Structures are given as structure tokens and as C-alpha cells.
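Subject: Structure for your review

Dear colleague,

My notes on it follow directly after.

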Amino acid sequence: MKRAILVKRNDPRSEDHDNELRLRELEELAGSAGYTVVSELTQTRHPDPKYQVGSGKVEELAQLVQNVEADKIIFYNQLSTMQVYNISEICRCEVIDKFQLILEIFASRATTHRSKLQVELARLEYELPKARAIVSILKKEERPGFMGLGGYEDSYAQDVKNRIARIKDELRDVDRDRDSLRTFRHSKGFSLVALAGYTNAGKSTLFNMLVDESKTVRNMLFTTLVPTTRSLTVQGREVLLTDTVGFIEDLPHWMVDAFRSTLNEIFFADIVLLVVDSSELVETIHRKLSVSHETMWEQLQEVEIITVFNKADLLTEEELDDRMLNLGYLAPNPVAVSAKTGFGIDALKQEIRRHLPEWDRVQLSLPLSEEGMSTLSWLFDEGVVHNVDYDDSINIDLEARESIISKAKSFTGKKVNQ
Ligand SMILES: Nc1nc2c(ncn2[C@@H]2O[C@H](COP(=O)(O)OP(=O)(O)OP(=O)(O)O)[C@@H](O)[C@H]2O)c(=O)[nH]1
Ligand SMILES: [Mg+2]
């Protein structure tokens with residue numbers, strides 16, 4: 001585990017309670033990024049703009065870094081390049097701010113080629129202006145290198161710019177592939193279900209619970225292309241379930257692009273499972289649901305939303321009912337589950353099934369021939385075959401989307417009773 005010191009410069013106008021909350025938030029983020037928090041430091045805003053913390057504090061911080069053997073100092077507040085430079089030089093320790101910490105989390109979670117590219121793009125775009133400033137500081141002071149930044153040269157900024165351009169090109173290619181993949185899935189009759197919600201709500205745990213419970217019917221090509229998507233059978237209907245990276249509050253605009261790559265999965269879904277941690281305070285859940293709806297609203301007109309109240313195992317039934325009632329319109333189609341114990345998973349599946357795009361159910365007769373048999377096997381792939389019996393023809397009770405049914409009809413040329 002990497003060891004981190006957290007630092008927050010408190011605004012004297014803020015309530016102590018708020019300051020404390022922000023620090024806990026930072027601690028949570030640091031935990032998600034794989035740090036052990038070994039110490040925390042807070043200070044009321046200092047008038048000297050040169051230091052994020054006053055110079056006395058920087059000495060104290062330097063001592064602290066030695067004492068607790070920290071690998072990193074993480075500031076809640078955003079830092080100027082000058083501040084990063086001064087503090088990291090005095091403390092002999094790498095300094096990052098909250099946004100860089102979030103980027104580290106994104107980087108560690110990016111599983112697809114595309115999301116990796118986007119995180120890298122966001123990182124480069126964030127670091128470009130800093131890199132330029134550091135080069136000019138080093139030049140002014142004629143200092144041959146310091147900490148890990150010694151390798152910066154004049155051409156560095158140009159290199160970064162070239163890399164940004166290359167990544168953008170590559171992303172355009174990946175996007176083309178992805179669109180065709182999505183069209184392919186939809187045309188094969190899969191419905192797309194996406195998990196959304198704040199970080200730590202339990203999306204990945206729920207994903208595993210849902211996926212483990214059902215066996216993968218076929219080995220599909222794209223499960224290897226998109227590792228966070230798995231097929232899943234919900235009461236006879238096959239869907240593709242996608243896990244996403246969690247929402248994080250106050251995302252700065254330059255990071256929204258990296259974030260959007262995961263949101264795209266949500267926008268193309270037929271159903272979104274909006275997962276909330278129901279053990280949190282009602283006000284917190286309220287705020288997080290509002291932000292989630294705001295973030296997704298414009299693009300989610302056609303999408304069904306199921307609100308999943310996760311971590312039900314941490315609450316009494318009464319507390320749970322109370323929360324679900326209180327949140328009303330912000331929580332459409334609520335279902336309480338525990339992704340940990342499996343409580344409510346069946347109810348959730350029923351709810352998913354209820355909201356899947358409608359398929360038609362027809363009785364179909366195919367000739368008892370080789371062609372008929374191969375059409376039948378195709379129908380097993382594309383829809384739900386409720387029943388088959390054979391007399392002088394193959395009689396099928398089939399549920400499938402409209403396009404599949406009309407294709408089957410054209411194959412047979414035989415009578416179809418609706
Ligand atoms: N008690 C309890 N804990 C849960 C439940 N579901 C998830 N957790 C815990 O909540 C924490 C976060 O779970 P994740 O599944 O990683 O959350 P996530 O929404 O995928 O988080 P991000 O990937 O950061 O967006 C883990 O420590 C889980 O063990 C649940 O039903 N009950
Ligand atoms: Mg997750």
C-alpha cells in the first residue's frame with residue numbers, strides 16, 4: 001500500500017462540519033486509489049499566495065513526511081504549479097491535488113482500450129499547462145532537474161501535444177468500431193442494461209452477483225473486446241449488462257470527456273440500473289440522485305430507469321421503506337437489494353424483465369426439413385423458444401422481437417398464427 005498524507009486548506013467561511021465532510025470525502029477517494037492515509041493536516045487559509053499552506057506549515061509537513069514515510073501528499077484544494085513546485089521541493093515528496101487523485105482512480109479502473117485512451121488524454125491535457133510552467137521555472141532558476149521532473153525539456157510540451165493528437169486520432173477509430181459493435185448487438189436482439197450511480201454504491205458487486213447467478217449461454221466474441229460487459233439471462237431473455245465507473249461529484253470540465261466514455265454506455269442502454277447506497281443519509285441519497293438525474297437527463301428520454309436501493313442488509317425494513325418513500329419521484333421503479341447477501345436479486349430481475357423492450361409471441365410452423373431445423377436453431381439463438389413439438393412440421397411457440405419474427409416468416413413461407 002502506498003502511504004499518503006492528506007492536506008486541506010479550510011476556508012474560514014465554511015462550517016467546520018462541511019470541512020470535515022470534505023476531508024472524509026478525500027480520504028474515501030484516497031482509499032479508492034489504493035492509498036493508506038497515514039496522516040492528515042488542516043489549516044485555515046493563509047494570506048501568502050506562495051504557499052498552499054503557510055511556510056511554517058510546509059516545514060511541519062516536511063517533518064511529517066519524514067516521520068510517517070509518506071509516498072505522496074494529497075491536497076484537497078487545487079494547486080498552482082508554483083505551489084506544487086515549492087511544496088514538493090521542500091518536502092522531498094510527490095504532491096498531487098484532488099483532481100489528479102481522481103485521475104489516478106480513473107486510470108486504475110479503465111479496463112477498455114477506449115477508456116484507457118480517454119484517461120490518458122485527460123491526464124495529458126491537465127498536465128500540459130503545468131509542464132510548460134515547470135519548464136519555465138526550471139529555466140529561470142537554472143536548476144538542473146529536481147525530483148521526478150528533471151527530464152523536462154523544451155520539447156516536452158511539443159511531445160505532449162503530439163501525443164494528445166495521436167490519442168484523439170486513435171479514439172476516433174475506436175469510436176467507429178464501437179458503434180458498429182453496438183449496432184451488431186442490438187440487431188442480434190440483445191437488450192442493453194447498464195449499471196450507473198455514484199462511486200462505492202455497489203455497482204460492481206451487483207454486477208458480479210447478477211452475472212454469477214446466471215451462466216453465460218454462449219461464448220461471445222465481444223465479451224473479450226469489452227471486458228466489463230457480460231451476457232445474462234433474465235427470465236428467458238438475454239441481455240448484456242455493463243458495469244460503469246462511478247460518478248464523482250464536482251467533476252471539473254476538463255475531466256468530463258474522460259467521464260463521458262463510461263456515460264456513453266449508459267446513453268445507449270435500454271435500461272439503466274441507478275444504484276444508490278441506501279445506508280447513507282437520506283439527504284445524501286437525495287443529492288446524489290438529483291445529480292445523477294441531472295447528468296443523464298437530457299440524453300435519457302427513451303431509457304427506462306430502475307432505482308436500486310443497494311446495501312439493504314445494513315438497514316431495518318422500516319428504515320428502508322422510509323427512505324424509499326421519502327425519495328419519491330427521484331427514485332423511479334425502486335427495488336431494494338443487497339448485492340452482498342443476494343437479497344432482492346430475484347425481484348430486481350423481475351423488474352428488469354418488466355422493462356425490457358417488448359417482444360411478440362407467435363406460433364410458428366416450419367417444414368420438417370434440414371432448412372427448417374437450421375431455422376429453428378437460429379431462433380433458439382435469437383429469441384425465446386417456449387415450446388417445440390414435431391408432427392409433420394416443426395411447431396414453435398416463439399417470443400422474439402418483431403424483426404426476427406418477420407425474418408422467420410419469410411424463411412418458412414408457411415402459415416403463421418398470431
Ligand atoms: N453491506 C453491504 N456492502 C456492500 C453491498 N454492495 C456493495 N457493498 C460494499 O460497498 C463497497 C463498494 O462496492 P463496489 O461494488 O466496489 O462499488 P461500485 O459502485 O462499483 O464503486 P465504483 O466502482 O467506485 O463506482 C465494497 O466495499 C462492497 O463490498 C451490500 O449490498 N451490502
Ligand atoms: Mg465499480
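Which residues of the largest nonpolar core touch the most other members? They are Val193, Leu273, Leu274, Val275 and Val308, in a core of 38 residues. Strand E8, covering residues 271-277, contributes the most to this core, with 6 residues. As general background, nonpolar side chains in soluble globular proteins tend to be buried together. Please bear in mind throughout that this is a predicted model.

Overall composition

The protein has 14 helices and 14 strands. Of its 418 residues, 32% count as buried. Among contacts between residues at least 6 apart in sequence, 72% link residues at least 24 apart.

The six-stranded sheet

An open sheet is formed by 6 strands in the order E6-E7-E5-E8-E9-E10, with mixed pairing. Strand E6 (229-234) and strand E10 (334-336) are at its edges; each has a single partner strand, so one side of each has no neighbour in the sheet. From one strand to the next, the twist averages 30°.

Within this sheet, E8 pairs with strand E9 (residues 304-310) in the parallel sense, over 7 bridges. Leu274 is placed opposite Thr307 in E9. Helix H12 (residues 345-355) packs on the sheet and touches strand E5 (191-197), E6, strand E7 (237-242), E8, E9 and E10. The direction of H12 makes about 175° with that of E9.

Val275 deserves a separate entry. When neighbours within four places in sequence are left aside, Val275 is in contact with Leu195, Ala196, Gly197, Ala201, Gly202, Lys203, Leu206, Val308 and Asn310.

Strand E7 has two partners to report. With E5, E7 pairs in the parallel sense over 4 bridges, and Val193 has Leu241 of E7 as its bridge partner. With E6, the pairing is antiparallel and runs over 6 bridges. In that pairing, the bridge partner of Val234 is Arg237 in E7, and that of Thr233 is Glu238 in E7. E6 and E7 form a hairpin with 2 residues between them; Gln235, in the turn, has a positive phi of about 45°.

Is strand E6 largely enclosed by the rest of the structure or left open, given that 5 of its 6 residues are buried? Strand E6 is largely enclosed, because 5 of its 6 residues are buried. For E7, 5 of the 6 residues are buried, so E7 is likewise largely enclosed by the rest of the structure.

The four-stranded sheet

A further open sheet has 4 strands in the order E2-E1-E3-E4, with parallel pairing. Its edge strands are E2 (35-44) and E4 (94-97), each of which pairs on one side only. The twist here averages 25° from one strand to the next.

Strand E1 (residues 2-10) and strand E3 (residues 72-75) run parallel and are joined by 4 bridges. Ala4 stands opposite Lys72 in E3. Helix H1 (residues 16-32) packs on this sheet, touching E1, E2 and E3. The direction of H1 makes about 155° with that of E1.

Individual positions

According to UniProt, in an unreviewed entry, the feature "binding site" is placed at Ser204 and Thr224. Ser204 belongs to helix H7 (residues 203-213). Ser204 counts as partly exposed because it has 18 C-beta neighbours inside 10 Å, whereas a buried residue would need 20 or more.

Is Ser369 buried or exposed? Ser369 is exposed, with 11 other C-beta atoms within 10 Å. Ser369 is located in the loop between strand E11 (360-367) and helix H13 (370-382). The C-alpha atoms of Ser369 and Ile394 are separated by 8.9 Å, although these residues are 25 apart along the chain.

With kind regards

Conventions
Residues numbered from 1 in each chain as written. Chains lettered and ligands numbered in written order. Predicted model: local features only at pLDDT ≥ 70, side-chain atom pairs only at ≥ 80, totals over all residues. Core = buried A, V, L, I, M, F, W, Y, C linked by C-beta atoms within 7 Å. Buried ≥ 20, exposed ≤ 12 C-beta atoms within 10 Å, placed from the backbone. Contact = placed C-beta atoms within 7 Å. Pairing = 2+ DSSP bridges. Axes fitted to C-alpha atoms, helices over the stretch in contact; angles between N-to-C directions. UniProt positions renumbered as here; feature names shortened; annotations may be inferred.
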